[in-house]
Amino acid sequence: MTDAVKGPASYFPSIEKKYGRPIAEWKDLIRSSPLTKHMELVNWLKSEHGLGHGHANALVAHTLAEAGRS
């Protein structure tokens with residue numbers, strides 16, 4: 001039996017489907033942004049790329065956690 005994906009990554013399939021980009025591309029965008037704070041990045045994804053708040057928040061949280069930042 002496989003465990004269900006939990007946390008921010010649980011949004012990834014719907015993010016890819018809704019916005020048409022793979023998660024790796026979104027993470028690359030976040031990592032290459034000059035912005036560093038969580039909410040700055042969330043607001044940037046919302047305003048510049050049209051993501052909803054929950055999707056933007058999940059991407060930023062997951063990407064920053066991988067980098068050891070929060």
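Select H55 to begin: at 14% relative accessibility this histidine counts as buried, where buried stands for under 20% relative accessible area, exposed for over 50% and partly exposed for what lies in between, computed with a 1.4 Å probe and protein chains only. The model is a predicted one, in which local features need pLDDT of at least 70 and side-chain atom pairs count only at pLDDT 80 or more, whereas totals for chains, interfaces and linings use all residues. Residues are numbered from 1 along each chain as its sequence is written, and side-chain values use heavy atoms, with hydrogens and water left out.

Staying on H55, colour helix α4, residues 53–66, to which this residue belongs; helices here are DSSP runs of H or I with at least four residues, strands are runs of E with at least two, and both are numbered from the N terminus. Next show the side chain of Y19, with which the side chain of H55 makes a polar contact of 3.3 Å. A polar contact is a pair of N or O atoms within 3.5 Å, and within protein one of them must be able to donate a hydrogen and the other to accept it, while residues adjacent in sequence count only if both atoms are side-chain atoms. If residues up to four places away in sequence are set aside, H55 touches Y11, S14, I15, K18 and Y19, contact being taken as heavy atoms within 4.5 Å.

D28 is partly exposed, because its relative accessible area is 44%. Its side chain is joined to that of R31 by a polar contact of 2.9 Å.

Which residues surround K27, once its neighbours within four places in sequence are left aside? Select F12, H62, T63 and E66, with which K27 is in contact. From C-alpha to C-alpha, K27 and E66 are 10 Å apart, although 39 residues separate them in sequence.

The loop between α2 and α3 holds S33, which is buried, with a relative accessible area of 11%. Beyond residues up to four places away in sequence, S33 touches L41 and W44. In helix α3, residues 38–49, select E48, which is exposed with a relative accessible area of 56%; its C-alpha atom lies 13 Å from that of Y19, a residue 29 places away along the chain.

Finally, zoom out to the whole chain, whose secondary structure comes to 4 helices and 0 strands, in the order α-α-α-α from the N terminus on. The C-alpha atoms fill a box of roughly 40 × 25 × 20 Å along the principal axes. The radius of gyration of the chain is 12 Å, which agrees with the value near 11 Å that a compact globule of 70 residues would have; this radius is taken over C-alpha atoms, and the globule rule is 2.2 Å times the number of residues to the power 0.38. Of the 70 residues, 29% count as buried, and among contacts between residues at least 6 apart in sequence, 47% join residues at least 24 apart.
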